[in-house]
Amino acid sequence: MPGLLSAIVIVSLAVPARSSTRSQGFGAAGGTVDYFELSGVIDPVSAKVLTRVISSSEASHSAVLIVRLDTPGGLRVSVTDLVDRIRRARVPIVVWVAPQGARAAGAGLFLAEAAPVLVMGPGTTLGPAVPVNLDGTTDPAAAAAYLRSIISAGLRPEATPALEAVSDETAAREGIVSFRAGTLGTLLQNLEGRTVTVDGQPVKLSVAGAPLRFQKLGFFDRLLHAATRPAVAYMLLLVGLFGIVFELYFPGIGAAGAMGGGSLVLSLYGFSVLPTSWAALALVVVGIAAFVPDLHSGGLGVPTAFGTVALVAGSILLFPHASPALRLPWWAIVAGVAGTLLFFISIMTAALRARAARPPAGIEGLVGSLGLARTDLVPDGEVTAAGSLWRARTLGPAIPEGTKVRVRSVAGLLLLVEGVAEEIGEDEATGEISPEGPVEA
């Protein structure tokens, strides 16, 4: 796990360097058009990636950086740092609220208002301003004052603050946004020739025919960003616990344990960022552990009933004071409880039964096997089968020829057997006593 975490940190910090050219000052600005999608809750991972993308666009002298935004707000991020980074950027930044149905609320609204150009697509929403971060409370008066200070900083001083949620039509009518665009082509067409202020200097955008470069979250960044979604973190927790339980009962190459451990690491990261009730999380873990005792009894008893109740209660109480955007959906709770019951009642029970029914390997597997006495067997002597190295001796009275026998123990090549009540024919011998066939003694 330490190695996995180190790899996540190293890979997530790696950003490829690319270069293009752009003219500075009043005149045409040419070069690559960078495009970055920021969707879902703005968490520490996505916030760091956004700052890296801005730095990458600056280093490559991109013509413009388009950030397509769709977020209900932030989650434990410093909105002030993000706003300052956007305002200090040496590349023109366009925040585009899209696609249809998208919104820029909370921390997303502040990022949008800090950009030199703010564009909204049809059917999108801007605001409200509070809460800025979904895991805490915000003073509405302080948020409104900070939003007005961002707008009056000189980037878009003609805009009005969207303290409450407004539609794209209202935002365009009240001058909150620069213009509206439903497609990327329309957006680029409206950006062509527009003059914006970048790093205190006017820059005329020239994006017609410019190559488009997509900036994306890295693989591990996407994993960590996805883990901050309540449903994903919850499912990762259950999968991790399932993998650990399976590995404890069926130790092998460690695939189940590795998968379970990795899932637990990701889920715990998500829970550390989300407004989690750790008591409820402990209740979920206790509920999963309560299913284990009934695995040994082979039935459904009080532990299973208690585990189900604890799992449901803990799942409901995981995010007690969270914003509606961070609440655990009911479908996730139903799927988690149903999956847990399926795992313990069906999968684990079937696997344990299969392991119990599997005959042991090697010589010890002969114990309990049936055979046919080809000669008379006596308790005080050893009889060797013709053409075989196996020897046999009875544990009780003498056994006549043709009697069905069962192996009770093995000592080297000596089989200690006892007779079975009824006699059997030669064709009824199981032949499981030795690899070459039935023991003939």
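What follows is a working chat about the strands, a helix, a pocket and some backbone details of this predicted model.

Me: What joins β6 to β9?

Reply: Strand β6, residues 117-120, runs parallel to β9 and is joined to it by two bridges.

Me: Switching to pockets: what is the volume of the second largest pocket, and which residues lie nearest its centre?

Reply: The volume of the second largest pocket is about 220 Å³. Its lining is made of 13 residues, and those nearest the centre are Phe36, Glu37, Gln215, Lys216 and Leu217.

Me: Which element gives the most to that lining?

Reply: β2 gives the most to the lining of the second largest pocket, with five residues, while at least two residues each come from β2 (33-39), β12 (212-215) and α8 (219-227).

Me: How does the lining split by class?

Reply: The lining of the second largest pocket has five nonpolar residues, along with four polar and four charged ones.

Me: Now α13, how many residues does it have and how far does it reach?

Reply: Helix α13 covers residues 302-316, which is 15 residues, and it reaches 21 Å from its first C-alpha to its last, close to the 21 Å expected at 1.5 Å a residue.

Me: Which of its residues are buried?

Reply: The buried residues of α13 are Thr304, Gly307, Ala310, Leu311, Gly314 and Ser315. They cover an arc of only 130° around the axis, which puts them on the same side of α13. Val302 and Val309, on the other side of α13, are exposed.

Me: Backbone checks next. Where are the cis peptide bonds?

Reply: A cis peptide bond joins alanine 98 and proline 99, with omega about 0°, and proline 99 sits in the loop between β4 (93-97) and β5 (103-104). The bond from glycine 127 to proline 128 is also cis, with omega near 5°, and proline 128 belongs to the loop between β7 (125-126) and α5 (140-151).

Me: Which residues other than glycine have a positive phi?

Reply: Among them are histidine 61, whose phi is near 55°, and aspartate 199, with a phi of about 55°. Histidine 61 lies in the loop between α2 (44-59) and β3 (64-70), whereas aspartate 199 is found in the loop between β10 (195-198) and β11 (201-205).

Me: What is the relative accessible area of each?

Reply: Histidine 61 has a relative accessible area of 37% and is partly exposed; aspartate 199 is likewise partly exposed, at 47%.

Conventions:
Residues are numbered from 1 along each chain as its sequence is written. This is a predicted model: local features need pLDDT of at least 70, side-chain atom pairs count only at pLDDT 80 or more; totals for chains, interfaces and linings use all residues. Side-chain values use heavy atoms; hydrogens and water are left out. Helices (H or I, at least four residues) and strands (E, at least two) are DSSP runs, numbered from the N terminus. The expected span of a helix is 1.5 Å times one less than its number of residues. Buried means under 20% relative accessible area, exposed over 50%, partly exposed in between (1.4 Å probe, protein chains only). The arc is that of the directions from the helix axis to the C-beta atoms. On a 1 Å grid over the protein atoms alone, a cavity is a set of points where a 1.4 Å probe fits but cannot get out, and a pocket is an open set with protein on both sides within 12 Å along at least five of seven lines; lining residues have an atom within 4 Å of a point. Grid points are joined across faces, edges and corners, and a volume is the space filled by probe spheres set on the points. Ala, Val, Leu, Ile, Met, Phe, Trp, Tyr, Cys and Pro count as nonpolar, Asp, Glu, Lys and Arg as charged, and the others, Gly among them, as polar. Two strands pair if DSSP finds at least two bridges between them.
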